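Visitor: Please show me the structure. Then let us take it question by question.

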Amino acid sequence: MSNVPAFGIDLGTGNIKIYNNMDGSIMREKNMIAVKNKNTLLAYGDDAFDMYEKSPANIRTSFPLNNGVIADIKDMQTVLKCFVTDLTSRIKYNGADFYISVPKDITEVEKRAFFDLVSDANVKSKRIMIVDKAVADGLGLNIDVKTSQGVLVVNSGFDTTEISILSLGGIVLSKLIKIGGRKFDEAIKNAVRREYSLIIGGKTAENVKIELSDPNHDDTVDPVVYGRDIVTGLPVERQIPVDLIESALNENINSIIDNIKVILERTPPELAADIYRHGIYLTGGSAPLRNFGKLINKGTDLKVNLPDDPISTVAIGLSRVIKEDNFRSVAYAIDGMSPK
Ligand SMILES: Nc1ncnc2c1ncn2[C@@H]1O[C@H](COP(=O)(O)OP(=O)(O)OP(=O)(O)O)[C@@H](O)[C@H]1O
Ligand SMILES: [Mg+2]
């Protein structure tokens, strides 16, 4: 508990996670908005996602972020304002400090947009601080990022996978690639369409993916999907072989592995010892994806560590920046800008 209210925000393309230091909680909701007749706010977060892929033409459901950067600042401000209002509805709210995690491998203009977002969202921001997402990830993994010399973190989310090498509190190398859960779902959809002339929705593909990623899944049972047959146009039910899903996922997993190898090749040799000793840390919501860790291990010969709650590690890291004085210094302000 603290007297200065502060929020730590991991603004993901698929999910927004907000650490609230007033009660120590981490909220997680879909980063989505539903708007009716162009300008009436209908729903936000998980409620908006419920309408996704099901809504009539006069309702627009959209993700305000795209590939890790802000695509629609007005929509994003609305969503942020709604969540902050919800989180502060029971207290007398006079403003808070905001700590936002941002990817490293984006332009300065894109980075400033995160600052402007909070500063213009009408959320009574007192201080707005930026934390590099990979540094927050490292802290959320309980790694002492300030003293470690060589930590390889792979954060695989919804639209992106960020591969970073951390050392002594900073980021030595980083690459943001446009592969994540959304691409995995699309690959499953495409394979089912190609092999069975069956069209399934994105949510169905995601459910199959998550079902098969459970380490306790019984692989003798093929998952069942519902969709529309292209030839007859009728709704049908079908079992999809586990092998088909596995091979559909492989291409994207292999691209990620190729990118990890490129980063490893560019890593200064002095950091290699720590990286070898620690192995790779796999975080983000897509970390548990079927065969993901196993194939990374095979492709790089490095051990792969999967935390218990990989979707939350960045937000947990932000909570440590807010709570522990020792880690305050990893947060920075954007020069020349101050909150309105
Ligand atoms: N058990 C699971 N196995 C595989 N994928 C999963 C699992 N649980 C969640 N996911 C996927 O994780 C993704 C969301 O992860 P996360 O919240 O880390 O992304 P994000 O932070 O919103 O996106 P980004 O970091 O790319 O901007 C979704 O695509 C979801 O399908
Ligand atoms: Mg993310």
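Predicted model: local features only at pLDDT ≥ 70, side-chain atom pairs only at ≥ 80, totals over all residues.

Visitor: Which element gives the largest share of the shell around ligand 1?
Guide: The shell has 22 residues, the closest being Gly 12, Gly 14, Gly 157, Gly 181 and Gly 285. A residue belongs if its C-beta atom, placed from the backbone, lies within 6 Å of the ligand. Two elements give two or more residues, α5 (181-196) and α6 (202-213); helices are DSSP runs (H or I, at least four residues), numbered from the N terminus. The largest share, 4 residues, is from α6.

Visitor: How many residues of the shell around ligand 1 are polar?
Guide: Ala, Val, Leu, Ile, Met, Phe, Trp, Tyr, Cys and Pro count as nonpolar, Asp, Glu, Lys and Arg as charged, and the others, Gly among them, as polar. The shell has 5 nonpolar and 4 charged residues. Its polar count is 13.

Visitor: How far apart are the C-alpha centres of domain 1 and domain 3?
Guide: Domain bounds come from an automatic or database domain assignment. It gives domain 1 (6-137 + 313-330), domain 2 (143-179 + 248-310) and domain 3 (185-247). The centres of domains 1 and 3 lie apart by 32 Å.

Visitor: Is α4 oblique or roughly perpendicular to α10?
Guide: Helices α4 (residues 133-140) and α10 (residues 313-323) pack at about 85°, axes 6 Å apart. Axes are lines fitted to C-alpha atoms over the stretch in contact, and angles run from 0 to 180 degrees between N-to-C directions. Under 35 degrees counts as roughly parallel, over 145 as roughly antiparallel, 65 to 115 as roughly perpendicular and the rest as oblique. That makes α4 to α10 roughly perpendicular.

Visitor: Which residues of α7 meet α5?
Guide: The axes of α5 and α7 (residues 242-266) come within 9 Å and cross at roughly 130°, which makes the pair oblique. Contact requires C-beta atoms, placed from the backbone, within 7 Å. On α5 the partners are Lys 183, Phe 184, Ala 187, Ile 188, Ala 191 and Glu 195. On α7 they are Leu 244, Ile 245, Ala 248, Leu 249, Glu 251 and Asn 252.

Note on methods: Residues numbered from 1 in each chain as written. Chains lettered and ligands numbered in written order. Contact = placed C-beta atoms within 7 Å.
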